[in-house]
Amino acid sequence: MEMNQYLEVFIEESKEHLQACNEQLLELEKKPEDIKIVNEIFRSAHTLKGMSATMGYEDLANLTHQMENVLDAIRNQKIKVNAEILDVVFLAVDDLEAMVHSIAEGGDGKRDVSEAVAKLKLIEMGQNPAQAEAKAETAVAMAEPSAAVKSTYDEFEWTVIQQSREQGFEIYEISVALREDCLLKAARVYMIFEVLEKMGEVIKATPSVDQLEEEQFDQEFSITIVTQESREDVQQKLLKVSEVEKADVVPLSLDDLRQQEPEKEEEVRTPSAGSIVAETLSNEGKKAPAAKQASNKTIRVNIERLDILMNLFEELVIDRGRLEQISREVNNQELHETVEHMSRISGDLQNIILNMRMVPIETVFNRFPRMVRQLARDLNKKINLEIVGAETELDRTVIDEIGDPLVHLIRNALDHGVETPEIRKANGKSEEGSVILKAYHSGNHVFIEIEDDGAGINKEKVISKALKNGIITEQAAAALSDKQAYELIFASGFSTAEKISDVSGRGVGLDVVKNTIESLGGSVSIDSKVGQGSIFSIQLPLTLSIISVMLVEIEEEKFAIPLSSIIETAIIKKGDILSAHNQKVIDFRGKVVPLLSLKEIFNVPSEHQEGEFLSVVIVRKGEKMAGLIVDSFIGQQEVVLKSLGNYLTNVFAISGATILGNGQVALIVDCNALIK
Amino acid sequence: MTEAAAADLKLIVFQLKNKEYAIPVNQVRSIEKVQHITRVPRTAGFVKGVINLRGVVTPIISLRSRFNLEEAEYTDQTRVIISVLEDMEVGLIVDSANDVIDVSAESIEPPPEVVGAEEADFIKGVTKIEKRLMILIDLEKVLNPDELAIQSGTEGM
């Protein structure tokens, strides 16, 4: 069967389900008693199984099937959740992720899953340390033989049940099992429901009716109905439906339900004291919005289409500019009004289109709890990860790039920042270290902070290391401020951990982090207090596609200089220009700043002689500055950043282009290339 | 198209200094009139700059300059052929472009040994229709990025 057209959907959805599994598993680790969470995981795993079987990925289906069995056992309280079981399930999810990844990369999604399957099977059979205990517990739970209530009821259903009971109806919980060779399960489900609906009212089905109709169940399902018929009649009628193997009808008494009620509340309210290794506090706060999100309807759109939409829209903006000009010339009131209205609408449209490209940073953050949990185990540390502001939105292009640098920084915080529990105890801190990952908007930027309460950065150690590795000279070292010293850890070839661990590598990581962030137009800084921890703060532009620039004119040509690299503009007298080593310099607020003529750098055909006064844009790259001489300043503008295409790559000192209101292209100056 | 049987190639015909050249139609996205070109500094001499092609910044090269012919003033006839090669889109400035012809693949002959020094490098073949001789250009060689680098070294102005 031709599956290609579904493959993309399959991969996307699989990823989502796996992510849901991961999140819920972490949640489960915190609240091992919460059956609702197990249900969530089960549902994700089940869907995944169905999808992968349809798509013909057998290994994937096998493993999910096995995982599902274990989850089912947990759900039915045959096994009790403990850390070992969760480890195995996590392992299985890892395998699943690897397989989905392989499929996404065009592979066949095959992988040796026998280890994970075997482990899951062992668990399913109850072979694990906590087994004896678990059995005892189940025995207690099963003490009331017929009253083992399978479904849980929400408040609404509970009210319906109560009222029906008051009106003299009977409530039955029915477990129906279809024959294993049943082919059209959905059809049987339909028939069963038809029979039941003739007798009374179905108030609850587990799994849900929708899922049943889509055959998302194995052989068994349970239904709760309100009816006036007797128990035997109900059972007889159900068994008449062909291919129904078994129909257990259990009358529900209000006592059963009441019993269930307080129990349920307990589950929700007591955050269990289970073995918590990595915990996401944000999850607690996230619960409410998460529920709301589920009802939001979304569609998937290829990012390329959004780019096309954006391009078309820019065309429209350019035409709008022309129309405005024409309307001014024609001076017709009606035309004025129409054009103005159109301008306003297109302004709104622009906001919407730009917003469409924004993605919550959650998509990057949500893989970290899992990573921190694993790392904390590997490093034998206790770490609590707190995520704040996961809903902060960033342009899609930035999101795609920011993941790896963050992984590096978090690993760094875990490995070099947070101490081992013993040391922490000795220093009078709590054994559990905390790492806070925080994102927030400020102005036109997004800030991401990684804060740990670990050992902090030892300035002396950093400097001595930098001296040893020849990164700075002794003279320079003496003059360094604290911040400048910390920055040294971003230099390449730097590693402060005494031992090299697999976790945060050999000091190649952090300089890569810095480079990546700077290539995104952002910056990274460090603040630290010895003994109290460090904060790595990343500043990123909101979007890469729209930037603020200063337009300048050189002869007939217009260039755009990114506002992010401009310190200020100045007008200087020719007489103030000094000369040092064949380089023109000026004294700018007590600093010697080299002067560069953009006209010379860009070979602008020149006709005029320079006047007595020069317009200069002072730009910076890190701590270094330069003054760019231009003819005149036009003004500040938000522009759409565009590339020069694949033909003209690596043009000196030009980082891209933009289209101005009059439809012409202006080049964007890359100040980083101008300052050595 | 009379008797479409042998017509396996559709060519766009353009003129450069009284000679006729051709480029397969599948390598052409569109033909535009000359509009404002923004110069890009420090690039090869034949790179005239970039234009705004319906919201996409597109580089433009002068084919005359690329073939080492003398430059000409732009006229009403001057056209920009937006050509596509893999993931590159580049505009070629030509004297005029106003014809589309169908030829059979067999009618294309290898370039004759002596056709003038430089442009011979960019020729894929020639084809004759009635009395017209058309030179089929090799877009891959015309848009060779390596040459872009060499040129920018020497013509750095």
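**Why these labels? Reading a predicted two-chain model**

Colleague: What makes A:Asn582 exposed?

Modeller: This is a predicted model, and in it A:Asn582 has a relative accessible area of 83%; since exposed means over 50%, A:Asn582 is therefore called exposed. Its place is in the loop between strand 15 (578-580) and strand 16 (583-588) of chain A.

Colleague: What is to be said about the phi of A:Asn582?

Modeller: Phi of A:Asn582 is near 60°, which is a positive value in a residue other than glycine. Most residues other than glycine have a negative phi.

Colleague: Why is A:His46 called buried?

Modeller: The relative accessibility of A:His46 is 11%, and buried means under 20%, so A:His46 counts as buried. A:His46 is found in helix 2 (residues 35-55) of chain A and, leaving out residues up to four places away in sequence, touches A:Glu68, A:Gln216, A:Phe217 and A:Asp218.

Colleague: What makes the pairing of A:His46 with A:Glu68 a polar contact?

Modeller: The side chains of A:His46 and A:Glu68 are joined at 3.2 Å, and the cut-off for a pair of N or O atoms, one able to donate a hydrogen and the other to accept it, is within 3.5 Å, so the pair is listed as a polar contact.

Colleague: How do you know that B:Arg39 and A:Glu557 meet in a salt bridge?

Modeller: The N to O distance between their side chains is 2.7 Å, and the rule asks for a side-chain nitrogen of Lys or Arg within 4 Å of a carboxyl oxygen of Asp or Glu, so the pair is called a salt bridge. Across the interface of chain A and chain B the rule finds one salt bridge, while the count of residue pairs in polar contact between the two chains, both residues being at pLDDT 80 or more, is seven.

Colleague: Which elements of chain A supply residues to the side that touches chain B?

Modeller: Helix 13 (303-330), strand 21 (654-659) and strand 22 (665-669) of chain A each supply at least two residues, and helix 13 gives the most, with four residues. The residues on this side of chain A divide into 15 nonpolar, six polar and four charged.

Colleague: How many residues are in contact between the chains, and what area is buried between them?

Modeller: In chain A 25 residues are in contact with 26 residues of chain B, and the area buried between the chains is about 2200 Å², of which carbon and sulfur atoms give 62%.

Colleague: Which residues of the largest nonpolar core touch the most other members?

Modeller: Among its 63 residues they are A:Tyr647, B:Phe14, B:Leu92 and B:Leu143, and the largest share of this core, four residues, comes from strand 7 (residues 88-94) of chain B. Leaving aside neighbours within four places in sequence, the contacts of B:Leu143 include A:Tyr647, B:Ile61 and B:Leu92. Apart from this core lies another, of 55 residues, with A:Phe368 and A:Leu510 among them.

Methods
Residues are numbered from 1 along each chain as its sequence is written. Chains are lettered from A and ligands numbered from 1 in the order in which they are written. This is a predicted model: local features need pLDDT of at least 70, side-chain atom pairs count only at pLDDT 80 or more; totals for chains, interfaces and linings use all residues. Side-chain values use heavy atoms; hydrogens and water are left out. A nonpolar core is a set of buried Ala, Val, Leu, Ile, Met, Phe, Trp, Tyr and Cys residues joined through side-chain atoms within 4.5 Å. Buried means under 20% relative accessible area, exposed over 50%, partly exposed in between (1.4 Å probe, protein chains only). Contact means heavy atoms within 4.5 Å. Buried area is the accessible area (1.4 Å probe) that two parts lose on being put together, summed over both. Ala, Val, Leu, Ile, Met, Phe, Trp, Tyr, Cys and Pro count as nonpolar, Asp, Glu, Lys and Arg as charged, and the others, Gly among them, as polar.
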